[in-house]
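This briefing goes through the structure by topic.

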Amino acid sequence: MKHLLSTADLTRDEAILILDTANQLAQATGQGVGKLPPLRGRTVVNLFYEDSTRTRISFEAAAKRLSADVINFAAKGSSVSKGESLKDTALTLEAMGADAIVLRHGSSGAAHTLANSGWISGSVVNAGDGTHEHPTQALLDAYTLRRHLRDGAGDLAGATITIVGDILHSRVARSNVHLLKTLGANVRLVAPPTLLPFGVDTWGAEVSYTLDDALVGADAVMMLRIQQERMNAAYFPTIHEYSQRYGLNQARVNLMNQGAIVMHAGPMNRGVEITSEVADSPQSVIVEQVTNGVSVRMAVLYLMLGGNEATV
Amino acid sequence: MTHTQGRVVLDSADISRALTRLAHEIIERTQGAQNVTLMGIPTRGVALANRLAQRISEIQGSPVQVGAIDVTMYRDDLRMQPARALLPTVIPEAGIEGRLVILVDDVLYSGRTIRAALDALSEHGRPQAVQLAVLVDRGHRELPIRADYVGKNLPTAKTESVQVQLSEHDEIDQIVIRQAS
């Protein structure tokens with residue numbers, strides 16, 4: 001596979017290869033090797049139509065640690081704000097010799113369009129497209145889960161993961177459901193009915209409206225951010241009520257299995273979907289997710305650009 | 001690539017004797033192997049480094065530092081095929097700074113793997129010196145590199161392949177030469 005557009009495209013073996021590669025790269029970085037050489041002479045463009053400081057920085061750090069040249073292209077204040085289309089931006093980047101484009105875009109399917117348009121010859125990594133997918137986030141979540149639940153090896157067969165919150169707008173949830181199922185985990189989705197997408201029953205996950213029930217027997221919980229910018233106060237009565245019914249507090253954490261972990265893709269709304277007590281507790285791996293994000297993105301870029309053709 | 005039926009050139013006892021001799025040579029040439037760190041090159045070099053470390057520590061009565069160094073990202077042919085899976089790098093706790101590092105690999109052929117290993121090693125520190133131990137030297141060097149310790153010199157044709165099988169990975173200890181077809 002030349003591009004990484006959706007976790008649904010990954011086979012179990014491909015997903016495990018990415019996680020194993022991330023493991024080795026994390027180890028190399030942990031042993032004090034500042035820069036690794038495999039992407040020397042390759043150019044990675046971060047093309048970001050939406051603000052996302054943490055994802056962009058993570059991709060930038062990943063590419064630089066592999067010795068790639070990085071060009072950051074933010075839509076704001078660029079030719080895009082003068083009305084340039086995705087096509088013309090892509091043609092420009094192609095003319096500059098981009099080997100990979102990391103695309104964050106507000107429209108679902110933008111990465112697919114870019115990859116299949118014939119505008120560019122390089123690889124496309126989807127860094128979040130609308131409410132569709134965010135595959136590297138799902139990969140770093142799987143990596144984090146595997147480290148804590150499976151000693152960093154193999155798949156996630158038999159693990160139970162509960163995903164809570166705004167499933168409707170969450171590209172993180174979509175990507176996670178595909179990948180977790182590919183890796184053999186049981187997935188539970190919890191949200192108020194208004195925040196569940198049409199057709200969620202076909203995703204192959206258990207769906208529940210009650211958080212407490214869905215936490216019993218879980219090995220991990222992933223809290224999704226309430227995306228207030230997409231809400232218009234239309235999906236639930238008040239933030240307070242949402243927080244009461246779907247917010248994660250310590251009493252709810254205690255319902256999960258021994259050794260269960262708490263995850264959040266960030267940025268967090270403390271006091272809304274998660275209490276500060278839980279976010280800062282030893283069971284929380286939220287900060288570690290950020291570190292793992294760099295390793296996983298290094299693995300994706302290495303497997304795509306390290307050889308003469310993409311391995312995954 | 002398919003291979004014709006192979007010819008076993010070293011069996012388990014031969015390999016064992018060669019490793020014992022290599023262990024003695026290392027001890028002799030390094031005055032007791034006190035400052036030695038063995039670094040195996042994955043996959044089979046690591047198994048060999050572990051076996052050598054065990055033999056040396058049995059003879060000397062003191063443990064030997066042993067680790068692994070993956071060279072994949074430092075290879076000069078990285079771009080000639082799809083990106084390869086990475087293998088573990090394990091730097092011993094004492095590090096390699098100021099140590100006498102002995103790289104250990106199964107087969108020495110073009111020398112390109114060793115060149116890559118020297119680059120990879122330099123990312124982790126500055127050894128006092130680097131030496132090379134191999135189980136088989138099959139010739140056909142493409143770089144100015146030679147081994148300090150050789151288990152067995154096996155003159156081969158370029159059309160042949162040399163396969164070292166070790167019980168850690170292959171359930172049997174033997175070295176096989178095959179005619180590549």
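The interface joins 19 residues of chain A to 16 residues of chain B, where two residues are in contact if their C-beta atoms, placed from the backbone, lie within 7 Å. This is a predicted model, in which local features need pLDDT of at least 70 and side-chain atom pairs count only at pLDDT 80 or more, while totals for chains, interfaces and linings use all residues. Residues are numbered from 1 along each chain as its sequence is written, and chains are lettered from A and ligands numbered from 1 in the order in which they are written.

**Interface, side of chain A**

- Helices α1 (12-30) and α11 (286-305) of chain A each supply at least two residues of the side that touches chain B; helices (H or I, at least four residues) and strands (E, at least two) are DSSP runs, numbered from the N terminus.
- The most is given by α1(A), with 7 residues.
- By class, this side of chain A has 9 nonpolar, 8 polar and 2 charged residues. Ala, Val, Leu, Ile, Met, Phe, Trp, Tyr, Cys and Pro count as nonpolar, Asp, Glu, Lys and Arg as charged, and the others, Gly among them, as polar.

**Chain A overall**

- Chain A contains 11 helices and 9 strands.
- Taken along the principal axes, the C-alpha atoms of chain A fill a box of roughly 55 × 45 × 35 Å.
- Of the 312 residues in chain A, 50% are buried. A residue is buried if 20 or more other C-beta atoms lie within 10 Å of its own, exposed if 12 or fewer, and partly exposed in between.
- Among contacts in chain A with a separation of 6 or more, 77% are between residues 24 or more positions apart.

**Helix packing in chain A**

- Helix α2 (residues 53-65) of chain A and α11(A) cross at roughly 55 degrees, and their axes come within 8 Å. Axes are lines fitted to C-alpha atoms, for helices over the stretch in contact, and angles run from 0 to 180 degrees between N-to-C directions.
- The angle makes α2(A) oblique to α11(A); angles under 35 degrees count as roughly parallel, over 145 as roughly antiparallel, 65 to 115 as roughly perpendicular and the rest as oblique.
- The crossing of α2(A) past α11(A) is right-handed. A crossing is left-handed if the near helix is turned anticlockwise from the far one by less than a right angle, and right-handed if clockwise.
- The contact of α2(A) with α11(A) has 8 nonpolar, 2 polar and 3 charged residues.
- Helix α5 (residues 135-149) of chain A packs on helix α6 (residues 171-182) of chain A at about 55 degrees, with the axes 8 Å apart.
- The pair α5(A) and α6(A) is therefore oblique, and α5(A) passes α6(A) in a right-handed crossing.
- Residues of α5(A) in this contact include A:Pro135, A:Leu139 and A:Ala142, and those of α6(A) include A:Val172, A:Leu179 and A:Leu180.
- The contact of α5(A) with α6(A) divides into 7 nonpolar, 3 polar and 1 charged.

**Loops of chain A**

- A cis peptide bond joins A:Gly266 and A:Pro267, with omega about -10 degrees, and A:Pro267 lies in the loop between β9 (261-264) and α10 (276-279) of chain A.
- A:Arg225, in the loop between β8 (220-223) and α8 (239-246) of chain A, touches A:Pro267 and A:Glu273, among others.
- A:Arg225 is partly exposed, with 19 other C-beta atoms within 10 Å.
- A:Ser67, in the loop between α2 and β2 (69-74) of chain A, has a positive phi near 70 degrees.

**Chain B**

- Chain B has 4 helices and 8 strands, in the order β-α-β-α-β-β-α-β-β-β-α-β from the N terminus.
- The radius of gyration of chain B is 16 Å, which agrees with the value near 16 Å for a compact globule of 181 residues.
- Buried residues make up 41% of the 181 residues of chain B.
- B:Pro42 and B:Thr43 are joined by a cis peptide bond, with omega about 5 degrees.
- B:Gln31 is not a glycine but has a positive phi of about 50 degrees, and B:Gln31 is exposed, with 10 other C-beta atoms within 10 Å.

Definitions and conventions. Rg over C-alpha atoms; globule rule 2.2 N^0.38 Å. Lists of a residue's contacts leave out its neighbours within four places in sequence.
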